[in-house]
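This briefing concerns the structure shown below. It is organised by topic.

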Amino acid sequence: MNKSDRVLILYDRLKHGEKIRKELFMDEFSVGRRSFDRYIETIRLMLSETFAPHELLYDASDHSYYLSGEKREKLRGV
């Protein structure tokens, strides 16, 4: 499985409301910490560039990543 596939799987899980624990994802896909961190940054960048209504957040209490609810407003044409 390549990087693109793993990033898409990660995003799909987040989009469906799953909380992603770094260590579990790394074990499941046999990837290192730096690779996982790059996947997270790729998703954050995509969300910001597309003005998505979600943000990728980290929950320190259970060491997991999740998507926020709709908090951002989309830009509207004039």
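In this predicted model, the axes of helix H1 (residues 3-15) and helix H3 (residues 33-49) come within 10 Å and cross at roughly 65°. Axes are lines fitted to C-alpha atoms, for helices over the stretch in contact, and angles run from 0 to 180 degrees between N-to-C directions. Helices (H or I, at least four residues) and strands (E, at least two) are DSSP runs, numbered from the N terminus.

**Helix crossing**

- The crossing of H1 and H3 is right-handed, a term applied if the near helix is turned clockwise from the far one by less than a right angle.
- On the H1 side, the contact (heavy atoms within 4.5 Å) is made by Lys3, Arg6, Val7, Leu10, Tyr11 and Leu14; on the H3 side, by Phe36, Tyr39, Ile40, Thr42, Ile43, Met46 and Leu47.
- By class, the residues of this contact are 10 nonpolar, 1 polar and 2 charged; here Ala, Val, Leu, Ile, Met, Phe, Trp, Tyr, Cys and Pro count as nonpolar, Asp, Glu, Lys and Arg as charged, and the others, Gly among them, as polar.

**Sheet**

- An open sheet is formed by 3 strands in the order S1-S3-S2, with antiparallel pairing; two strands pair if DSSP finds at least two bridges between them.
- Strand S1 (20-21) and strand S2 (56-59) are the edge strands, each pairing on one side only.
- Between S1 and strand S3 (residues 64-67) there are 2 bridges in the antiparallel sense, and Ile20 has Tyr65 of S3 as its bridge partner.
- H1 packs on the sheet and touches S1, S2 and S3; the direction of H1 makes about 70° with that of S3.

**Nonpolar core and burial**

- The largest nonpolar core has 17 residues, of which Leu10, Leu14, Phe25, Phe36, Ile43 and Leu56 touch the most other members.
- Such a core is a set of buried Ala, Val, Leu, Ile, Met, Phe, Trp, Tyr and Cys residues joined through side-chain atoms within 4.5 Å; buried means under 20% relative accessible area, exposed over 50%, and partly exposed in between (1.4 Å probe, protein chains only).
- H1, helix H2 (22-29), H3 and S3 each give two or more residues to this core, and H3 gives the most, with 5 residues.
- Not counting residues up to four places away in sequence, Ile43 touches Val7, Leu10, Tyr11, Leu14 and Leu56.
- Lys22 is found in H2 and is classed as buried because its relative accessible area is 17%.
- With the exclusion of residues up to four places away in sequence, Lys22 touches Arg33, Phe36, Asp37 and His63.

**Positive phi in loops**

- Most residues other than glycine have a negative phi.
- Ser30, in the loop between H2 and H3, has a positive phi of about 50°; its relative accessible area of 68% makes Ser30 exposed.
- Phe51, in the loop between H3 and S2, has a positive phi near 55°; Phe51 is partly exposed, at 42% relative accessible area.

**Whole chain**

- The protein chain has 3 helices and 3 strands, and its elements run α-β-α-α-β-β from the N terminus on.
- Of its 78 residues, 31% count as buried.
- Among contacts between residues at least 6 apart in sequence, 42% join residues at least 24 apart.

**Basis of the values**

- Residues are numbered from 1 along each chain as its sequence is written, and side-chain values use heavy atoms, with hydrogens and water left out.
- Local features need pLDDT of at least 70 and side-chain atom pairs count only at pLDDT 80 or more, whereas totals for chains, interfaces and linings use all residues.
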